[in-house]
Amino acid sequence: MLSEYGVLDLWTYVAGTVFIIVLPGPNSLFVLATGASQGVRVGYQAALGIFVGDSILMALAAAGAASVLRVLPMLFVALKIMGALYLCYLGLRLVASAWKPAAPDQARPVTVGPGSRFRKALLLSLLNPKAILFLLSFFMQFVDPSYAHPALSFLILAAILQCLSVLYLSLLIFGGARLAAAFRRRPGVARLGSAATGGVFLWFAGRLAFEA
């Protein structure tokens, strides 16, 4: 199939990619929270930010940015700290929103604060230097080292990953919209969901900071 383009074990790669995508992480959680609070259209703005950010990271990985991060370990640590601080910021906003009083007979939706969801999602995706190292090491397992054009192999693998990611994020967005309808009927559940989501973001921030 794609072996003539330097791609090895295609279906093993697809299976591994699906498993990686569905693992809970800050990116997917952000898209879910945005879809639940702002609806499908704004949810797709957040998904687009993740898509663009991941595409940039994949391009950097293919271009050898991982080697730069290994040569300059302090840059890697600095980027991890920046990522942890940004996750902490988002988490605190979510937790704070859970304590704000809602209007009578109206649930306060899960929110990520004002501003462009695309920009927030893009920053969230980019402030993850571990993704560059992961993508490089993951992709390399499925690229034929004897193939004359490895950049094409990387492009094919990246396209497959992004297609599967878009499908999964779409499920989260429409699922989040359904959650929003339930939250409007149950203010207490909305507050709990906002606080729980913020707590998970803070957990991600703490784990990233302590690994720095």
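**Helices, burial and contacts**

Student: How many of the 13 residues of H2 are buried?
Tutor: H2 is largely enclosed by the rest of the structure, because most of its 13 residues are buried. Here buried means under 20% relative accessible area, exposed over 50% and partly exposed in between, with a 1.4 Å probe and protein chains only. Among the buried residues of H2 are Pro26, Phe30, Val31 and Ser37. The number of buried residues in H2 is 10.

Student: What is the mean pLDDT of the protein chain?
Tutor: This is a predicted model, in which local features need pLDDT of at least 70 and side-chain atom pairs count only at pLDDT 80 or more, while totals for chains, interfaces and linings use all residues. Residues are numbered from 1 along each chain as its sequence is written, and side-chain values use heavy atoms, with hydrogens and water left out. The predictor's confidence in each residue, pLDDT, runs from 0 to 100. In the protein chain 71% of residues reach 70 or more, and the mean is 75.

Student: Over which residues does pLDDT stay under 50?
Tutor: By helix, mean confidence is lowest in H4 (residues 65-71), at 61, and highest in H6, at 88. Where pLDDT is low, the predicted coordinates should not be read in detail. That caution bears on a stretch for which the model has 30 contacts beyond four places in sequence, and where pLDDT stays under 50: residues 103-112.

Student: What pattern does the protein chain follow along the sequence?
Tutor: Helices are DSSP runs of H or I of at least four residues and strands are E runs of at least two, numbered from the N terminus. The protein chain has 9 helices and 0 strands. Its pattern is therefore written with helix symbols, and along the sequence it reads α-α-α-α-α-α-α-α-α.

Student: What share of contacts between residues at least 6 apart in sequence join residues at least 24 apart?
Tutor: A contact means heavy atoms within 4.5 Å. Buried residues make up 42% of the 212 residues in the protein chain. Among contacts between residues at least 6 apart in sequence, the share joining residues at least 24 apart is 82%.

Student: How far apart are the end C-alpha atoms of helix H3?
Tutor: The expected span of a helix is 1.5 Å times one less than its number of residues. For the 24 residues of H3 (residues 40-63) this gives 34 Å, and the model agrees, because the end C-alpha atoms are apart by 34 Å.

Student: Which residues are in contact with Asp54, leaving aside its neighbours within four places in sequence?
Tutor: Asp54 lies in helix H3. At 14% relative accessibility, Asp54 counts as buried. Leaving aside neighbours within four places, its contacts are Asn27, Ser125 and Gln162.

Student: How far apart in sequence are the parts that the aromatic pair ties together?
Tutor: Rings of Phe, Tyr and Trp (its six-membered ring) pair if their centres lie within 6.5 Å, and planes under 30 degrees apart count as stacked, over 60 as edge-to-face and the rest as tilted. The structure holds 1 aromatic pair. The rings of Tyr44 and Phe174 have centres 6.3 Å apart and planes at 75°, so the pair is edge-to-face. Because Tyr44 lies in helix H3 and Phe174 in helix H8 (residues 150-185), the pair ties together parts whose separation in sequence is 130 residues.

Student: Which residues does Leu172 touch, not counting those up to four places away in sequence?
Tutor: Leu172 lies in helix H8 and is buried, with a relative accessible area of 14%. Leu172 and Phe30 are 142 residues apart in sequence, with a C-alpha to C-alpha distance of 9.8 Å. Not counting residues up to four places away, Leu172 touches Ser28 and Leu32.

Student: What is the relative accessible area of Phe139?
Tutor: Phe139 is found in helix H7 (residues 129-140). Beyond four places in sequence, Phe139 touches Tyr13, Met58, Phe154, Leu157, Ala158 and Leu161. Phe139 counts as buried, because its relative accessible area is 1%.

Student: Is Asp9 buried or exposed?
Tutor: Asp9 lies in the segment before helix H1 (10-22). Its phi is near 50°, a positive value in a residue other than glycine. With a relative accessibility of 53%, Asp9 counts as exposed.
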